[in-house]
Structure formats: structure tokens, C-alpha cells
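Please look over the model below with the following notes to hand. They are set out as numbered points, each on one topic.

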Amino acid sequence: MQQQQPSVRAVTIPFADLKDRGKDLGGFIEEGFGPQGLGIVSIAGVPGYPELRKRLLRLAPRIVSLPDDVKKQLEDPDSRYHFGWSRVEEKFESERWDTAKGSYFANPVFDVPTTDDELVTRYPSYCRPNIWPKDHLPELEIAFKGLGKLMLEVGLMLAHHCDRYVIQRGVGQYIGESLEKTLARSRCPKGRLLYYFPKSFSKQDEVSSWCGWHTDYGFLTGLTCGLFTRKSEEVPCPDIGTGLYVRTRDNQVVKVTLVDDELVYQIGETAEILSRGHLCATPHCVKAPSSEDASDVGRSTFVLFIQPNWDEPLKLPSEIRYHQECIPPTRTLAYGEYSERVLASFSGKSVEQTLMPQ
Ligand SMILES: O=C(O)CCC(=O)C(=O)O
Ligand SMILES: [Fe+2]
């Protein structure tokens, strides 16, 4: 039987402190995101957040139970299933596919990020338009945009304090402008409403049984604490081992204890690149329940990927730890190019293969 992993609380910043731009939160940022940090920071007391979280997460099982032909109309293969309803299987761990989740992807701020057809063809997972189930679940659009915009706003406040921290640590200005400004002018934040399907009970289940180990390739990822349901009834978390795990900088696997009403952020690879390693990407995964009586419990959650615009230049250092295979010899490419390549690698293909006309 697998050993129980230790549980750790994230560093918590009160919202009142976060929104004070002059406050020095360098200690919190270092403890949360720095080279020795856990990789997770939670924000307590965000006005309106608990209601927006519940309103959206309760819709995840309702999307799943829409008739198959309706879900099919909500799919967008041309975006690699990165808009609308998606049963895309991701290969985060070599030789293992994540099959137990369904997602609804959308840009919470821009329904049409650009009308330039060339860009839409080049960066389909960023630039294609949103799809909403206006006839079958009209409340989704409002709930998705409401929570997504709030998580973006709070994420940008956090990016401001990350900027201060990185500058204090002597990196000086980044290439171009501050992280906060780079993210604020982006037209491609991406929300993902997730539903993890119940998994049949297995005592041998690994910690990555619901979602494989990976780091997010964006800048900051906002996360909600998951909501559990059994046959559409809300139930408490079925066992304490279920949920988000991270791998710490000293290579320990720990369960992160999240609080329902706190918003959580973790660091993506682009932040590590742009901050020259002062902010460290967070390896994470999700564990399904492993108690016998929880094999019919599903989990809903919402993730917001906060990332630079597709045309922001990325200069990749030679010592980069991630996705070496996606980087050209010049080591310079637009963010949109980098991320399309990384996304393609999650589907086990090269970017050229996945963008071939169907
Ligand atoms: O389900 C979660 O809590 C995390 C999901 C996740 O890591 C992702 O979608 O990138
Ligand atoms: Fe992730």
C-alpha cells in the first residue's frame, strides 16, 4: 500500500495586504514562490469569491450530463480542443494518458481575441473565438466570465508583488517591461472548468491518478479548491488524500491543504524563465479518492492560466529545465509559438503534425 504523503498549508496573503501596492510582501512571495518555496500562495478574504466559485463549479457536472450531440456541437477540434467542451487526453507523464477528465475552455475576457485570420490559424488555441452553450446552459457564460475575471484581477495584483520581489532580488528590469504589465496587456487569459470523472477504486492508486505530474507553461495559474459531487449531490472531500499534490524543491511529494474560500496561485514555466529562476515553476498533480466508498465521487474545479500575449517575445536561457524539444536553436520565439509547441507535445505530437489541416 502507498504511504500517506505529508500535508502542507500554502502561504496565505490577506487580500487587504495584496491590494496595497506599496506593501512589502517580498517575504510571502519568497516563501511561496521562491527557490525554496512550496510553489503555492493562497489569498484569503477576496470579496465575492466564495459565491462565484460555487456558482461556477456547480455547473461542471451539468455540462458533462448534456446530451452527447449537444456536447459535440460545443467542441472545437481546430483549437486542439482548447475552446469549448473537451475530452482531450493529455500525456503529461511519459507513456500515461490522463483520460478521467472533461473540460470547458474559454477566454473569460475576450470572446474574440482577434479578427486577424492569419493569427487565428497560427495560434489556434489562443486566438479562436469562445463557444458558449447559449441554448442548453446559458448561465455558464456569466458564471465563467465572473470567476475568470476576478481571478485575473487578483492574479495581476499578485504579479505586481512578484515584480517587486524579483527586482529586490537583483534581476533588475526584465526583458521589456514588468511582468504585471506584460500580463495586463495580454488578450489570452484562458479559463478551464474541469470535471474529474469518478474513478474505480484501487488501493495502489498513485498520487497522480486523476491528473498526471506537470508544470503549467503559462505565467501564473489561479486555482480553486475542488468541489465534490456524488450523483449530482454535493459531498465533503471523500478522503484527506484526495486533491492537489506538489513536488517541493527538495523533491518531496506533499499534499496541499486548501481552504474552500481561498483563491490559490501557482507558478508556471514562463514566470521561471522571465524571472531568471527567482520564481520557480510548481510541479503538481491530482489524486483521485482511494477509499472504497468514494468510487462514485467526481471533482469539479476551475483553473485560470494567466499568460503573456501570443506575440510577446520569449528569450529562452540555455539552462532551461522544461520542454527543450520545443525550443529552436535561436532560443527566441513568440510566446504563442512556444505554447502551441508545448501543447502539441502534451498530445504526443509535434506542432506541425497537430496543425495539419484535418
Ligand atoms: O485540478 C486541479 O486542481 C489542477 C488542474 C491542473 O493542474 C491543470 O489543469 O493544469
Ligand atoms: Fe496544471
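**Notes on the predicted model**

1. Charges over rings. Arg 187 is placed over the face of Phe 110, 3.9 Å from the ring centre. Lys 190 has its charged end over the ring of Tyr 126, at 5.8 Å from the centre. The criterion for a charge over a ring is NZ of Lys or CZ of Arg within 6 Å of the ring centre and within 35 degrees of the ring normal.

2. Basis. This is a predicted model, in which local features need pLDDT of at least 70 and side-chain atom pairs count only at pLDDT 80 or more, while totals for chains, interfaces and linings use all residues. Residues are numbered from 1 along each chain as its sequence is written, chains are lettered from A and ligands numbered from 1 in the order in which they are written, and side-chain values use heavy atoms, with hydrogens and water left out.

3. Overall. The chain has 12 helices and 19 strands; these are DSSP runs numbered from the N terminus, helices being H or I with at least four residues and strands E with at least two. Of its 358 residues, 58% count as buried, where buried means under 20% relative accessible area, exposed over 50% and partly exposed in between (1.4 Å probe, protein chains only). Among contacts (heavy atoms within 4.5 Å) between residues at least 6 apart in sequence, 77% join residues at least 24 apart.

4. Iron site. Which residues coordinate the iron ion (ligand 2)? The donors are His 214 (NE2), Asp 216 (OD) and His 284 (NE2), at 2.1 to 2.2 Å. Their spacing in sequence is H-x1-D-x67-H. Asp 216 lies in the loop between strand S9 (211-214) and S10, and His 284 in strand S16 (residues 284-287), so this pair ties together parts that are 68 residues apart in sequence. Donors are N, O and S atoms within 2.8 Å of the metal (3.2 Å for Na, K and Ca); water is not among the atoms, so sites may look incomplete.

5. Surroundings of Asp 216. Asp 216 is buried, at 6% relative accessible area, and His 284 is buried too, at 5%. Neighbours within four places in sequence aside, Asp 216 is in contact with Thr 221, Gln 266, Gly 268, Glu 269, His 284 and Phe 305. Between the C-alpha atoms of Asp 216 and Lys 134, 82 residues apart in sequence, the distance is 30 Å.

6. Aromatic pairs. The whole structure holds 6 aromatic pairs. Trp 132 and Phe 144 form an edge-to-face pair, 5.4 Å centre to centre with 70 degrees between the planes. Trp 132 is in the loop between helix H7 (124-127) and helix H8 (139-168) and Phe 144 is in H8, so the pair ties together parts that are 12 residues apart in sequence. Both residues, Trp 132 and Phe 144, are buried. Ring pairs link Tyr 104, Trp 132, Phe 144 and Phe 302 into a cluster. Rings of Phe, Tyr and Trp (its six-membered ring) pair if their centres lie within 6.5 Å; planes under 30 degrees apart count as stacked, over 60 as edge-to-face and the rest as tilted.

7. Pro 133. This residue is in the loop between H7 and H8 and is buried, with a relative accessible area of 4%. Apart from neighbours within four places in sequence, Pro 133 is in contact with Leu 74, Tyr 104, Pro 138 and Leu 140.

8. Buried helix faces. In helix H2 (residues 26-33) the residues Gly 26, Ile 29, Gly 32 and Phe 33 are buried. Seen down the axis of H2, they fall within an arc of 135 degrees, so they line one face of the helix; the arc is that of the directions from the helix axis to the C-beta atoms. The buried residues of H2 pack against strand S2 (11-14), strand S3 (40-44), H8, strand S10 (220-223) and strand S15 (263-267).

9. Positive phi. Asn 251 has phi near 70 degrees, a positive value in a residue other than glycine. Asn 251 is in the loop between strand S13 (243-247) and strand S14 (253-257) and is exposed, at 55% relative accessible area.
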